[in-house]
Structure formats: structure tokens, C-alpha cells
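Dear colleague,

My notes on what was found in it follow directly after.

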Amino acid sequence: MNKERNADTAFFGQPRGLSTLFFTEMWERFSYYGMRAILLFYMYYAVTKGGLGMNQTTAASIMSIYGSLVYLSGVVGGWLSDRVWGSRRTVFIGGVLIMFGHIALSLPFGISALYVSIALIVVGTGLLKPNVSEMVGGLYSPEDQRRDSGFSMFVFGINLGAAVAPWAVPWAANGFGLNLFHGEMNFHAGFSLTAIGMFFGLVQYVIGGRKYLSKDSLYPEDPIEKDDLRPVIIWTIVGVVAVVIILGLLAAMGQLNITNIITLITIVAIALPIWYFVMMLNSKKVTKTEKSRVVAYIPLFIAAVIFWAIEESGSVVLALFAEQRTVLHIGSWHFAAANFQTLNPLFIMILTPVFVSLWDHWKNQPSAPGKFAAGLVFAGLSYAFMALPALIHGTTAGRVSPFWLVGSWFIVEIGEMLISPIGLAVTTRLAPNAFKSQMMSMWFLADAAGQAVNAQIVKYYSSSTEVPYFLTIGLVSIVFGVILMFFVKKIHGLMGGVD
């Protein structure tokens, strides 16, 4: 079996199944990032401009908590794949839900369609995203040397979809360059394109999956037994009842509104990783050395939360800056505010080979905590950089050069190169044997917690407060990064020989 897998080189020297997963994830990211590129504007644009007419602050908070929910749902998606459906079926169900979520947005049913869409896409992405990555690993035998290059190609597909979408979807929403909507935005046309993109992904996934994906992916890795199923059902019911009671109490007090629901989700997103840490540190299954490694992971986790709060603000705060404070043309070339969302994946594709080469050739490179500290400083500098336009020109001087946003995104992506891939690697290495899967979930919970924090602090952003907003958050990141530098040796010592 391993010989057959190693002999399959049909997709640029990689297994043919990689093409199926490559394009599935490419189209899924196209649909997700295309939707995110215009969703904020759809929520707060006036109804006369094709939007929902929401309060801008509420719209920004929804965008942030939306991203948090996506990463929270991945924990459930991984469990359902491992214990119930198997990865191939889980990914398919997730893709179908995502497609219907985009279809809901493409229909003119107002705010109710928005919330239905959020629910469908959150659940669908939680089912699809973690399990597609797991299936990529399943294409290779343990000794296959192509694994790393295969994952690199897969990640390229992710960023390719994410880079193209912020151009294609706003173009559709603006009438495909044909002025079909007489200069007005038709957001539903843009969302229709994201639904079509996910449909394409599903079609090639089903056709290619039958031919090129292992039959093992049809079955769960660790099927749940009847005896284990009972407590899961009980705790699920308890959780649902608890949520209903909390919502009922809020309704009885006249406090059931989107702001309070966002606050509740924020509390869950922050409390969940704390619970995980307490559980692992008190577990009898975790050895003394492993507990030391978990303790070492805590400051890295906090650093990741701060970093993701800044990095994930690109589709929220920086999107608002692009729309309200940025000159949207260079010479005679005009573009949309949503197009700036392409900078994140574009810089990742440019910088990744640079940093791969750097780590391959730098003999005395910093340890993981040192890289995290430097990454936080870069993230903070990207926000401090965004305070400069207003400091130089004032907040009432009108619009500023688009290159401020380009520079900020470039700086923060340097930080991402120092934190994101390093964080994935160190998470697997510091994980206790009894909690390897849960520890991987912790890494994604850092992103969820960061975006949940963002949902609260974004309320303080406006064009008039951009200087204190960017400087305060930027300084928090820089200061924590500098403090982390002083504890690099201590943290590295707690890592128990892990580099």
C-alpha cells in the first residue's frame, strides 16, 4: 500500500489526490474570503446603497465574533470526523452547509438571512477546514519525503483562493465592470459568486474523491462506542439547555440583543482555552515534564492571542480604514476598498519561501519563544505604522495614500511568518501524549480568542479615534513582545528539551 502511494506522482510529482484537496480548499477559501471582503460593507451600508443599514460598530463586532466562531467550531468538526463520520463525509457535509450559507446571503431576505448564513458557514467551515488538512497528511506514507512539499502546495492553494476572491467578488458586486447596477452595489451578486465557487469545489471534490482519495477516509479513525456515546449526548443536552436558559434570562430582563450575545461568545472563547490549560495541568495522564511544557506554552498562547487580534483585524478595522480614509485610486486606476483584502494572502505567498530559506540556512536562529517575541513586535509596529497618517495629516484631512495599508499588511505578515508556522510546529512538540489532538485545537482557539477580544475592542475604533486606537493596541503588542524577550531562556528551559 505504501509503495502504491509513493509511486503516485500524477500531480506535479505529488499524489493525484492532492489535486482534489488542493482545489477543494482553494474554492472554499475563495468563497470564504470573497464573502468576508464585502460582508462588513454589506452590513453597515445604508439600505439605499444595497446594504442592511446596521450600526457600524455592531457590524464590526459581528465580523470579529464571526471569525472567532469559525475557529471554535473546528474543535467540534475534528471530533465528528474522528469519532462519527470519517473525514471525507465530514468535509462534504461542511462544504454543502457552506454553499447554502452563501446562497442565503445571495438572496434579498435581509438581516435574518445574514444570521442564517453565519450559522451555516460557521458550522460548515468547522466541519471542512480541519479535516481537509488531515486528509492531505493521509495521502503520504510515514516515510514519504514529499509530505512537506505537498503541504506547501496545499497552503499555496489556500492563499491562491484567498488572494483572487477580494478582486473577483467585489467585481461581481459592482456589476462585472458593465455598470449593470447603475453604479450601485449589488452585494447579492457578489455573494452569489461565492456560492458558485463553493459549488465548483464540491463538484470536483466528489468526482475526484471517488477516484483518488483513500477509502480509509470514509470511516472514522476512532469510532465512538455506545458506552461512550451516552455521556456525549448528555453533555450536549446539558449545554443546549444551559444556552437556552441564559438566552431566556436575557430575554426576560429585556437584554437579549446582538451586543450581549457577542459578549457571551467572547466569554466562551476566552474561558475555553483556560479550561483546557487547567484540565491538562491537573490531569494524572500528564507527566511532570509534559506539565512543564504546557506551562511553557501558556505565554506563547497569550502571544498568539494578541497577534491574531491584530492580524485578523484586516477584514474589520483596516477594511473600515480602506473604505473611509484611503484614496481608492493610483493615477487613473480605480479599485474597491475590498480589494485590499488580497494583501494578506499575497504577502504570505511572497514571504513564505523567503522565511523557509532563512530557517534552512540560519544556524544559530532564535528559539520558538524568541521568534514569537519578534513576531509580536512586528505585529505591534504594523498598528503603530497605521497611526502615522493621522499623526502627519490629521484625521480631518480627508483620504490618505493606499500605500499606508500596503505597508501595514507587509509588516504584520512578517510577524505572521514568525508566529503562525512556528506556532503550529511548537504546539505539536509541546503537546502531552494524552492530549495531542486537544493541544492542536488550542492553537486554533488562540485565533478564536484573539478575534473574540477584537469583537469588544473594535467598538472603540472610528476615524476620529484611529491614533489612540492603533497606538494603544500596537504598544500592547510591542511591550508584551519585549517582555517575552526577557523570558525567552526561562520559557525555553521549561520546554524540556523541545526546540
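**Helix pairs**

In this predicted model, the axes of α10 and helix α16 (residues 466-486) come within 11 Å of each other and cross at roughly 155°. Since an angle over 145 degrees counts as roughly antiparallel, the two helices α10 and α16 are therefore roughly antiparallel. Their crossing, that of α10 and α16, is left-handed. On the α10 side, the contact is made by Pro299, Ile302, Ala303, Ile306 and Ile310, which meet Ile473, Ser477, Phe480 and Leu484 of α16. By class, the residues of this contact of α10 with α16 are eight nonpolar, one polar and no charged.

A further pair is formed by helix α14 (residues 403-430) and helix α15 (residues 436-457), which pack at an angle of about 160° with their axes 9 Å apart. This makes α14 roughly antiparallel to α15. The crossing of α14 and α15 is right-handed. Here Ile419, Ser420, Gly423, Leu424, Thr427, Thr428 and Leu430 in α14 meet Lys436, Met439, Met440 and Trp443 in α15. The contact of α14 with α15 comprises six nonpolar, four polar and one charged residues.

**Nonpolar cores**

The largest nonpolar core holds 111 residues, of which Leu39, Met43, Tyr297, Phe372, Met442 and Phe470 touch the most other members. Helix α10, spanning residues 288-311, gives the most to this core, with 12 residues. For Met442, leaving aside residues up to four places away in sequence, the contacts are Pro273, Tyr276, Phe277, Met280, Tyr297 and Phe301. There is also a second, separate core of 20 residues, including Phe11, Met198, Leu202 and Leu213.

**Two individual residues**

Arg83 lies in helix α3 (residues 56-85). With a relative accessible area of 17%, Arg83 is buried, because the cut-off for that class is under 20%. Not counting residues up to four places away in sequence, Arg83 touches Pro220, Asp222, Pro223, Ile224, Glu225 and Asp228.

Phe12 is found in the loop between α1 (2-7) and α2 (16-44). The phi angle of Phe12 is near 50°, a positive value in a residue other than glycine. At 69% relative accessibility, Phe12 counts as exposed. In soluble globular proteins, nonpolar side chains tend to be buried together.

With kind regards

Notes: Residues are numbered from 1 along each chain as its sequence is written. This is a predicted model: local features need pLDDT of at least 70, side-chain atom pairs count only at pLDDT 80 or more; totals for chains, interfaces and linings use all residues. Side-chain values use heavy atoms; hydrogens and water are left out. A nonpolar core is a set of buried Ala, Val, Leu, Ile, Met, Phe, Trp, Tyr and Cys residues joined through side-chain atoms within 4.5 Å. Buried means under 20% relative accessible area, exposed over 50%, partly exposed in between (1.4 Å probe, protein chains only). Helices (H or I, at least four residues) and strands (E, at least two) are DSSP runs, numbered from the N terminus. Contact means heavy atoms within 4.5 Å. Axes are lines fitted to C-alpha atoms, for helices over the stretch in contact, and angles run from 0 to 180 degrees between N-to-C directions. Angles under 35 degrees count as roughly parallel, over 145 as roughly antiparallel, 65 to 115 as roughly perpendicular and the rest as oblique. A crossing is left-handed if the near helix is turned anticlockwise from the far one by less than a right angle, and right-handed if clockwise. Ala, Val, Leu, Ile, Met, Phe, Trp, Tyr, Cys and Pro count as nonpolar, Asp, Glu, Lys and Arg as charged, and the others, Gly among them, as polar.
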